[in-house]
Amino acid sequence: MTARTAPPAPTGRALTPSRTAATAARVLRQLHHDPRTIALLLIVPVAMITLLRYVFDGAPGTFDATGASLLGIFPLITMFLVTSIATLRERTSGTLERLLALPLGKGDLIAGYALAFGAVAVVQSALATAVSVWLLGLDVIGSPWLLLLVALLDALLGTALGLFVSAFAASEFQAVQFMPAVIFPQLLLCGLFIPRDRMHPALEAISNALPMSYAVDGMNEVLHHSDPTGAFLRDIAVVAGTALLVLCLGAITLRRRTP
(Lines give C-alpha, C1' and ligand atoms only; values in the text may rest on other atoms or scores of the structure.)
Protein backbone atom coordinates (compact mmCIF):
# COMPACT_ATOMS: atom_id res chain seq x y z
CA MET A 1 0.00 0.00 0.00
CA THR A 2 1.46 3.30 -1.05
CA ALA A 3 1.62 5.99 1.60
CA ARG A 4 -0.03 9.24 0.68
CA THR A 5 2.13 12.30 0.55
CA ALA A 6 1.03 15.05 2.90
CA PRO A 7 0.19 18.34 1.22
CA PRO A 8 2.83 21.00 1.64
CA ALA A 9 2.35 23.38 4.52
CA PRO A 10 1.27 26.85 3.51
CA THR A 11 4.12 29.26 3.37
CA GLY A 12 2.09 32.35 4.22
CA ARG A 13 3.93 34.38 1.62
CA ALA A 14 0.93 35.42 -0.45
CA LEU A 15 -1.07 38.39 0.71
CA THR A 16 -4.35 36.96 2.01
CA PRO A 17 -7.26 39.29 2.88
CA SER A 18 -8.47 37.10 5.76
CA ARG A 19 -5.02 36.99 7.39
CA THR A 20 -4.53 40.71 6.85
CA ALA A 21 -7.91 41.46 8.44
CA ALA A 22 -7.15 39.17 11.39
CA THR A 23 -3.84 40.95 11.96
CA ALA A 24 -5.54 44.35 11.81
CA ALA A 25 -8.22 43.22 14.29
CA ARG A 26 -5.54 42.00 16.73
CA VAL A 27 -3.68 45.32 16.56
CA LEU A 28 -6.90 47.27 17.12
CA ARG A 29 -7.71 45.12 20.15
CA GLN A 30 -4.30 45.89 21.60
CA LEU A 31 -4.81 49.61 21.03
CA HIS A 32 -8.21 49.40 22.69
CA HIS A 33 -6.51 48.27 25.90
CA ASP A 34 -3.84 51.00 25.75
CA PRO A 35 -5.49 54.33 26.65
CA ARG A 36 -2.19 56.21 26.71
CA THR A 37 -1.50 55.36 23.07
CA ILE A 38 -5.05 56.29 22.12
CA ALA A 39 -4.57 59.64 23.85
CA LEU A 40 -1.31 60.20 21.97
CA LEU A 41 -2.94 59.41 18.64
CA LEU A 42 -6.23 61.25 19.05
CA ILE A 43 -5.85 63.95 21.69
CA VAL A 44 -2.27 65.22 21.30
CA PRO A 45 -2.61 66.47 17.67
CA VAL A 46 -5.81 68.32 18.56
CA ALA A 47 -4.22 69.76 21.71
CA MET A 48 -1.17 70.98 19.78
CA ILE A 49 -3.27 72.65 17.08
CA THR A 50 -5.45 74.27 19.75
CA LEU A 51 -2.35 75.53 21.57
CA LEU A 52 -1.02 76.96 18.32
CA ARG A 53 -4.33 78.74 17.69
CA TYR A 54 -4.11 80.64 20.98
CA VAL A 55 -0.38 81.28 20.65
CA PHE A 56 -1.34 83.32 17.57
CA ASP A 57 -4.51 84.67 19.16
CA GLY A 58 -3.56 88.25 18.28
CA ALA A 59 -2.65 87.32 14.70
CA PRO A 60 -5.32 85.00 13.31
CA GLY A 61 -3.85 85.26 9.81
CA THR A 62 -0.68 83.59 11.07
CA PHE A 63 -2.68 80.66 12.38
CA ASP A 64 -4.42 80.33 9.03
CA ALA A 65 -1.04 80.27 7.28
CA THR A 66 0.55 77.63 9.52
CA GLY A 67 -2.42 75.71 10.92
CA ALA A 68 -3.21 73.89 7.68
CA SER A 69 0.39 72.73 7.32
CA LEU A 70 0.58 71.49 10.90
CA LEU A 71 -2.74 69.71 10.41
CA GLY A 72 -0.81 67.38 8.12
CA ILE A 73 2.47 67.31 10.04
CA PHE A 74 1.16 66.41 13.50
CA PRO A 75 -0.64 63.19 12.36
CA LEU A 76 2.46 62.13 10.42
CA ILE A 77 4.70 62.54 13.47
CA THR A 78 2.40 60.82 15.97
CA MET A 79 1.67 57.87 13.65
CA PHE A 80 5.41 57.48 12.95
CA LEU A 81 6.24 57.38 16.65
CA VAL A 82 3.47 55.00 17.74
CA THR A 83 3.83 52.61 14.79
CA SER A 84 7.61 52.26 15.06
CA ILE A 85 7.46 51.52 18.80
CA ALA A 86 4.49 49.14 18.52
CA THR A 87 6.11 47.11 15.75
CA LEU A 88 9.42 46.93 17.59
CA ARG A 89 7.65 45.80 20.77
CA GLU A 90 6.07 42.93 18.81
CA ARG A 91 9.49 41.82 17.64
CA THR A 92 11.40 42.14 20.91
CA SER A 93 8.67 40.33 22.85
CA GLY A 94 8.78 37.37 20.46
CA THR A 95 5.21 37.93 19.27
CA LEU A 96 6.34 38.61 15.72
CA GLU A 97 8.42 35.43 15.62
CA ARG A 98 5.45 33.33 16.75
CA LEU A 99 3.14 35.00 14.24
CA LEU A 100 5.47 34.44 11.31
CA ALA A 101 5.78 30.76 12.30
CA LEU A 102 2.09 30.52 11.34
CA PRO A 103 0.81 30.71 7.76
CA LEU A 104 1.24 34.47 7.93
CA GLY A 105 3.50 36.24 5.49
CA LYS A 106 5.36 39.49 5.99
CA GLY A 107 3.01 41.15 3.54
CA ASP A 108 -0.01 40.06 5.62
CA LEU A 109 1.60 41.48 8.75
CA ILE A 110 2.60 44.82 7.22
CA ALA A 111 -0.76 45.20 5.48
CA GLY A 112 -2.59 44.34 8.71
CA TYR A 113 -0.66 46.96 10.64
CA ALA A 114 -1.25 49.52 7.89
CA LEU A 115 -4.97 48.71 7.87
CA ALA A 116 -5.30 48.97 11.66
CA PHE A 117 -3.36 52.19 12.02
CA GLY A 118 -5.04 53.50 8.88
CA ALA A 119 -8.40 53.10 10.62
CA VAL A 120 -7.03 55.04 13.58
CA ALA A 121 -5.64 57.64 11.17
CA VAL A 122 -9.13 58.20 9.75
CA VAL A 123 -10.46 59.03 13.23
CA GLN A 124 -7.40 61.10 14.09
CA SER A 125 -7.51 63.14 10.88
CA ALA A 126 -11.28 63.66 11.01
CA LEU A 127 -11.09 64.86 14.63
CA ALA A 128 -8.17 67.23 14.03
CA THR A 129 -9.73 68.64 10.85
CA ALA A 130 -13.15 69.15 12.45
CA VAL A 131 -11.69 70.92 15.49
CA SER A 132 -9.42 73.12 13.36
CA VAL A 133 -12.08 74.22 10.88
CA TRP A 134 -15.27 74.38 12.94
CA LEU A 135 -14.04 75.12 16.46
CA LEU A 136 -10.77 77.01 16.00
CA GLY A 137 -11.88 78.91 12.92
CA LEU A 138 -9.16 77.81 10.49
CA ASP A 139 -10.00 79.78 7.33
CA VAL A 140 -9.53 77.70 4.20
CA ILE A 141 -10.77 78.48 0.71
CA GLY A 142 -10.93 74.86 -0.38
CA SER A 143 -13.13 72.06 0.91
CA PRO A 144 -12.48 70.75 4.44
CA TRP A 145 -12.85 67.29 2.90
CA LEU A 146 -9.69 67.90 0.89
CA LEU A 147 -7.92 68.90 4.11
CA LEU A 148 -9.10 65.63 5.61
CA LEU A 149 -7.82 63.68 2.61
CA VAL A 150 -4.34 65.18 2.87
CA ALA A 151 -4.24 64.72 6.66
CA LEU A 152 -5.22 61.08 6.22
CA LEU A 153 -2.54 60.44 3.60
CA ASP A 154 0.02 62.13 5.84
CA ALA A 155 -0.97 59.88 8.75
CA LEU A 156 -0.66 56.82 6.50
CA LEU A 157 2.78 58.03 5.41
CA GLY A 158 3.80 58.30 9.06
CA THR A 159 2.54 54.75 9.62
CA ALA A 160 4.56 53.46 6.67
CA LEU A 161 7.74 55.24 7.80
CA GLY A 162 7.29 53.92 11.33
CA LEU A 163 6.92 50.34 10.11
CA PHE A 164 9.99 50.72 7.93
CA VAL A 165 12.41 52.22 10.48
CA SER A 166 11.37 49.74 13.19
CA ALA A 167 13.33 47.07 11.30
CA PHE A 168 16.56 48.95 12.01
CA ALA A 169 16.04 49.58 15.74
CA ALA A 170 17.06 47.19 18.50
CA SER A 171 15.10 48.88 21.29
CA GLU A 172 12.23 51.30 21.79
CA PHE A 173 14.76 53.99 22.69
CA GLN A 174 16.49 53.49 19.34
CA ALA A 175 13.11 53.70 17.58
CA VAL A 176 12.56 57.12 19.17
CA GLN A 177 16.08 58.14 18.12
CA PHE A 178 15.10 57.69 14.49
CA MET A 179 12.76 60.69 14.79
CA PRO A 180 15.57 63.29 14.63
CA ALA A 181 17.05 61.44 11.66
CA VAL A 182 13.86 60.83 9.67
CA ILE A 183 11.33 63.46 10.75
CA PHE A 184 13.23 66.57 11.87
CA PRO A 185 15.11 67.22 8.58
CA GLN A 186 11.80 66.99 6.72
CA LEU A 187 10.21 69.34 9.25
CA LEU A 188 12.92 71.95 8.71
CA LEU A 189 12.88 71.69 4.90
CA CYS A 190 9.17 71.22 4.18
CA GLY A 191 8.43 74.92 3.76
CA LEU A 192 6.75 75.42 7.13
CA PHE A 193 9.21 78.09 8.29
CA ILE A 194 10.18 79.63 4.96
CA PRO A 195 9.03 79.01 1.38
CA ARG A 196 11.13 76.30 -0.20
CA ASP A 197 11.97 78.41 -3.26
CA ARG A 198 13.71 80.91 -0.94
CA MET A 199 16.07 78.31 0.53
CA HIS A 200 19.62 77.65 -0.62
CA PRO A 201 19.40 75.80 -3.97
CA ALA A 202 20.99 72.69 -2.47
CA LEU A 203 18.47 72.59 0.36
CA GLU A 204 15.61 73.25 -2.03
CA ALA A 205 16.73 70.28 -4.13
CA ILE A 206 16.78 68.08 -1.03
CA SER A 207 13.35 69.31 0.04
CA ASN A 208 11.97 68.37 -3.38
CA ALA A 209 12.84 64.74 -2.62
CA LEU A 210 11.20 64.65 0.84
CA PRO A 211 7.55 63.53 1.12
CA MET A 212 6.66 65.95 3.93
CA SER A 213 7.30 68.83 1.53
CA TYR A 214 4.45 67.59 -0.67
CA ALA A 215 2.24 67.07 2.38
CA VAL A 216 2.66 70.73 3.31
CA ASP A 217 2.26 71.85 -0.31
CA GLY A 218 -0.98 69.89 -0.58
CA MET A 219 -2.37 71.56 2.53
CA ASN A 220 -1.40 74.98 1.20
CA GLU A 221 -3.14 74.27 -2.10
CA VAL A 222 -6.38 73.61 -0.21
CA LEU A 223 -5.77 76.74 1.85
CA HIS A 224 -5.60 79.00 -1.20
CA HIS A 225 -7.70 77.34 -3.93
CA SER A 226 -11.38 76.49 -3.96
CA ASP A 227 -11.00 73.52 -6.36
CA PRO A 228 -8.35 70.81 -6.63
CA THR A 229 -5.45 72.02 -8.76
CA GLY A 230 -2.93 70.07 -10.78
CA ALA A 231 -0.32 70.80 -8.11
CA PHE A 232 -2.67 69.42 -5.44
CA LEU A 233 -3.20 66.19 -7.37
CA ARG A 234 0.56 65.87 -7.81
CA ASP A 235 1.15 66.42 -4.10
CA ILE A 236 -1.31 63.78 -2.90
CA ALA A 237 -0.04 61.34 -5.54
CA VAL A 238 3.52 61.77 -4.24
CA VAL A 239 2.47 61.30 -0.62
CA ALA A 240 0.33 58.24 -1.39
CA GLY A 241 2.97 56.72 -3.69
CA THR A 242 5.71 57.23 -1.11
CA ALA A 243 3.59 55.60 1.58
CA LEU A 244 2.95 52.57 -0.67
CA LEU A 245 6.64 52.30 -1.59
CA VAL A 246 7.77 52.49 2.03
CA LEU A 247 5.20 49.85 3.04
CA CYS A 248 6.67 47.50 0.40
CA LEU A 249 10.17 48.20 1.70
CA GLY A 250 8.92 47.55 5.23
CA ALA A 251 7.64 44.12 4.19
CA ILE A 252 11.03 43.31 2.65
CA THR A 253 13.13 44.45 5.62
CA LEU A 254 10.86 43.10 8.37
CA ARG A 255 12.72 40.74 10.71
CA ARG A 256 11.25 38.08 12.95
CA ARG A 257 13.08 39.20 16.04
CA THR A 258 15.72 41.61 17.29
CA PRO A 259 19.18 40.05 17.80
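**Entry 1: Asn-220**

I began with Asn-220, whose place is in helix 10. The model I am reading is a predicted one, and I kept that in mind throughout. Leaving out residues up to four places away in sequence, I found that Asn-220 touches Ala-65 and Ser-69. I also looked up its separation from Val-140, which is 80 residues away in sequence, and the two C-alpha atoms turned out to be 9.1 Å apart in space.

**Entry 2: the chain as a whole**

Reading along the sequence, I noted the pattern α-α-α-α-α-α-α-α-α-α-α. The chain has 259 residues, and 47% of them count as buried. I then looked at contacts with a separation of 6 or more, and found that residues 24 or more positions apart account for 79% of them.

**Entry 3: helix 10**

I returned to helix 10, which has 14 residues and reaches 20 Å from its first C-alpha to its last, close to the 20 Å expected at 1.5 Å a residue. How many of its 14 residues are buried? I counted twelve, so I wrote helix 10 down as mostly covered, taking buried to mean under 20% relative accessible area. Among the buried residues are Pro-211, Met-212, Tyr-214, Asp-217, Glu-221 and Leu-223.

One of the buried residues of helix 10 is Ser-213, and I looked at this one on its own. Its relative accessible area is 0%, and Ser-213 is therefore buried. Setting aside its neighbours within four places in sequence, I listed Leu-189, Cys-190, Arg-196 and Ser-207 as the residues in contact with Ser-213.

**Entry 4: helix 6 against helix 10**

Next I asked how the axes of helix 6 and helix 10 cross. They come within 9 Å of each other and cross at roughly 170 degrees, which means that helix 6 is roughly antiparallel to helix 10, since an angle over 145 degrees counts that way. On the side of helix 6, I noted Leu-146, Leu-147, Val-150, Ala-151, Asp-154 and Leu-157, and these meet Pro-211, Ala-215, Gly-218, Met-219 and Val-222 in helix 10. By class, the residues of this contact divide into nine nonpolar, one polar and one charged.

**Entry 5: helix 5 against helix 6**

I then turned to helix 5 and helix 6, whose axes come within 8 Å and cross at roughly 145 degrees. I recorded the crossing of helix 5 and helix 6 as right-handed. The residues of their contact divide into 17 nonpolar, five polar and no charged.

In helix 5 I picked out Val-123. Is Val-123 buried or partly exposed? Its relative accessible area is 46%, so Val-123 is partly exposed. I also looked up the pair Val-123 and Leu-152, which are 29 residues apart along the chain, and found their C-alpha atoms separated by 9.0 Å.

**Entry 6: helix 11**

Helix 11 runs over residues 230–253, and because its 24 residues at 1.5 Å a residue should span 34 Å, I compared that with the distance between its end C-alpha atoms, which is 34 Å and agrees. In this helix I found Phe-232, Asp-235, Ile-236, Val-239, Ala-243, Val-246, Gly-250 and Ala-251 buried. What covers these buried residues includes helix 5 (106–135), helix 6 (144–165) and helix 10 (211–224).

Of these I followed up helix 5, whose axis comes within 9 Å of that of helix 11, the two crossing at roughly 135 degrees. That angle makes helix 5 oblique to helix 11, and I noted the crossing as right-handed. The contact is made by Lys-106, Gly-107, Ile-110 and Ala-114 of helix 5, together with Leu-247, Gly-250, Ala-251 and Ile-252 of helix 11. Sorted by class, this contact has five nonpolar, two polar and one charged residues.

**Entry 7: Ile-77**

Not counting residues up to four places away in sequence, Ile-77 touches Met-179 and Ile-183. I also noted Ala-155, which is 78 residues from Ile-77 in sequence and 7.8 Å from it in space, C-alpha to C-alpha.

How values were computed. Residues numbered from 1 in each chain as written. Predicted model: local features only at pLDDT ≥ 70, side-chain atom pairs only at ≥ 80, totals over all residues. Heavy atoms only, no water. Helix = DSSP H or I, 4+ residues; strand = E, 2+ residues; numbered from the N terminus. Expected span 1.5 Å × (residues − 1). Buried < 20%, exposed > 50% of the residue type's maximum accessible area, 1.4 Å probe, protein only. Contact = heavy atoms within 4.5 Å. Axes fitted to C-alpha atoms, helices over the stretch in contact; angles between N-to-C directions. Parallel < 35°, antiparallel > 145°, perpendicular 65-115°, else oblique. Left-handed = near helix turned anticlockwise from the far one by under 90°. Nonpolar A, V, L, I, M, F, W, Y, C, P; charged D, E, K, R; others polar.
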